[in-house]
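Colleague: I'd like to learn how to read strand pairing and crossovers in a model. Could you walk me through it?

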Amino acid sequence: MSVPPLRLAHRGDWRRAPENTLAAMLTGLAVPGCDGLEFDVRASHDGVPIVLHDETLLRVQGVPARASDLTATELARHGVPRLSEVLAGVGPAPFLDVELKEDQGAAAVDALVLARGDLPARTVVSSFDPGALASIRRLVPAWPCWLNAADLSPATLTVARELGCRGVSAQWRAIDEGSMARARAAGLEIAAWTVRRRPTFARLARLGVVAVCVEGAALDG
């Protein structure tokens with residue numbers, strides 16, 4: 001019997017609280033059937049890992065400023081949490097897909113080790129940036145990583161393998177029987193992003209993905 005995929009709340013449950021805030025994470029985890037979270041990590045001006053998707057605060061916080069121009073303390077005043085705050089707030093139980101939006105060197109590693117130990121359980125580090133993943137692989141080779149990608153082409157699978165990734169987190173439209181077969185042949189697991197409809201989640205579950213980043217109706221299960 002196949003294991004059902006993990007259901008990961010995309011940036012928390014942003015229907016009830018601003019995305020990527022601790023409140024959004026906790027309300028997402030309160031949804032029955034939610035196994036964990038996906039969220040984005042950038043660096044503040046003073047090099048502190050903070051949880052934010054966009055380069056600027058305009059879309060979510062309504063502030064026309066770049067995150068890289070503000071200190072972590074200044075960002076906190078606008079509701080942008082530190083990675084350490086989110087990790088402490090959600091605790092060790094949920095599965096976490098920690099997406100690095102940029103290469104932060106040891107800063108994100110230090111925060112994760114402090115919260116989840118030297119070999120973080122139920123945690124994967126993902127990124128679209130091969131350089132960010134290369135840094136993680138160099139600093140903590142045993143940590144599981146996913147390469148984020150819009151496709152599952154042979155070239156994408158090759159990059160994931162060369163980086164030493166456990167798998168690829170792909171845009172859900174790229175996932176079908178053929179691409180899953182290629183991934184399995186390459187020894188890679190596949191996760192999916194970002195799914196909003198329950199039938200799409202069900203189709204991906206039948207194909208054998210290990211996790212699905214969800215929001216809206218797909219989060220409600």
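Predicted model: local features only at pLDDT ≥ 70, side-chain atom pairs only at ≥ 80, totals over all residues.

Colleague: Which strands does S10 pair with?

Modeller: Helices (H or I, at least four residues) and strands (E, at least two) are DSSP runs, numbered from the N terminus. Two strands pair if DSSP finds at least two bridges between them. Here S10 runs parallel to strand S9 (residues 167-171), with five bridges, and parallel to strand S11 (residues 211-214), with three bridges. Ala 191 of S10 faces Ser 169 and also stands opposite Ala 211 in S11.

Colleague: What hand do the crossovers have?

Modeller: A crossover is right-handed if, with the strands pointing away from the viewer, the path from the first strand over the helix to the second runs clockwise. S9, helix H8 (residues 177-185) and S10 form a right-handed β-α-β unit. S10, helix H9 (residues 198-207) and S11 form a right-handed one too.

Colleague: Why is S10 described as largely enclosed?

Modeller: Buried means under 20% relative accessible area, exposed over 50%, partly exposed in between (1.4 Å probe, protein chains only). Strand S10 (residues 189-195) is largely enclosed by the rest of the structure because five of its seven residues are buried.

Colleague: And where is Gly 105?

Modeller: Gly 105 lies in the loop between strand S6 (95-100) and helix H5 (106-116). Gly 105 counts as partly exposed because its relative accessibility is 23%.

Terms used:
Residues numbered from 1 in each chain as written. Heavy atoms only, no water.
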